[in-house]
Amino acid sequence: MIYGKSYQQARLERLKFARHRCEVCKRKERLECHHPQSEEFNAYELDEQGTLTMADVVILCVSCHDAITNRDRAARFASKEVWDVPSPHCVLAKRKRPHV
């Protein structure tokens with residue numbers, strides 16, 4: 001994904017604010033910019049509007065970024081009723097269901 005100018009500006013400001021360190025573990029290597037996503041907050045939309053700020057992003061190392069992203073994804077999926085719908089790849093989903 002190509003990010004807009006407000007994302008680039010927010011990222012640079014946040015890097016300076018964080019003193020070029022991960023804001024969780026304080027590492028200096030392999031830093032990334034995390035933009036939290038939720039139903040109420042969409043960093044992509046703010047970037048398109050040009051209103052994304054340094055307060056909307058966090059500087060993380062790759063390890064912390066992966067951990068936080070996986071936690072957020074797990075929380076999003078846990079709140080949805082996706083477990084009731086079998087995957088199309090699931091063996092049980094391929095069986096024909098009897099008509100009632």
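## Nonpolar cores

The largest nonpolar core has eight residues: Tyr7, Ala10, Leu15, Ala18, Cys33, Leu52, Val57 and Ile59. A nonpolar core is a set of buried Ala, Val, Leu, Ile, Met, Phe, Trp, Tyr and Cys residues joined through side-chain atoms within 4.5 Å; buried means under 20% relative accessible area with a 1.4 Å probe, protein chains only. Helix 1 (residues 5-17) supplies three residues, the largest share of this core. Another core, of five residues, lies apart from it and includes Cys22, Leu60, Cys64 and Ile68.

Cys33 is in contact (heavy atoms within 4.5 Å) with Tyr7, Arg11, Val57, Val58, Ile59 and His65, leaving aside neighbours within four places in sequence.

## Model and confidence

This is a predicted model, in which local features need pLDDT of at least 70, side-chain atom pairs count only at pLDDT 80 or more, and totals for chains, interfaces and linings use all residues. Residues are numbered from 1 along each chain as its sequence is written, and side-chain values use heavy atoms, with hydrogens and water left out.

The mean pLDDT (the predictor's confidence in each residue, from 0 to 100) of the chain is 76, and 67% of the residues score at least 70. Strand 2 (residues 58-61) has the highest confidence, at a mean of 94, and helix 4 (residues 91-94) the lowest, at 46. For residues 89-100 the pLDDT is below 50, and this stretch has five contacts in the model beyond near neighbours in sequence.

## Fold and burial

The chain has four helices and two strands, in the order α-β-α-β-α-α from the N terminus. Helices (H or I, at least four residues) and strands (E, at least two) are DSSP runs, numbered from the N terminus.

Of the 100 residues, 23% are buried. Among contacts with a separation of 6 or more, 67% join residues 24 or more positions apart.

Technical notes. Buried < 20%, exposed > 50% of the residue type's maximum accessible area, 1.4 Å probe, protein only.
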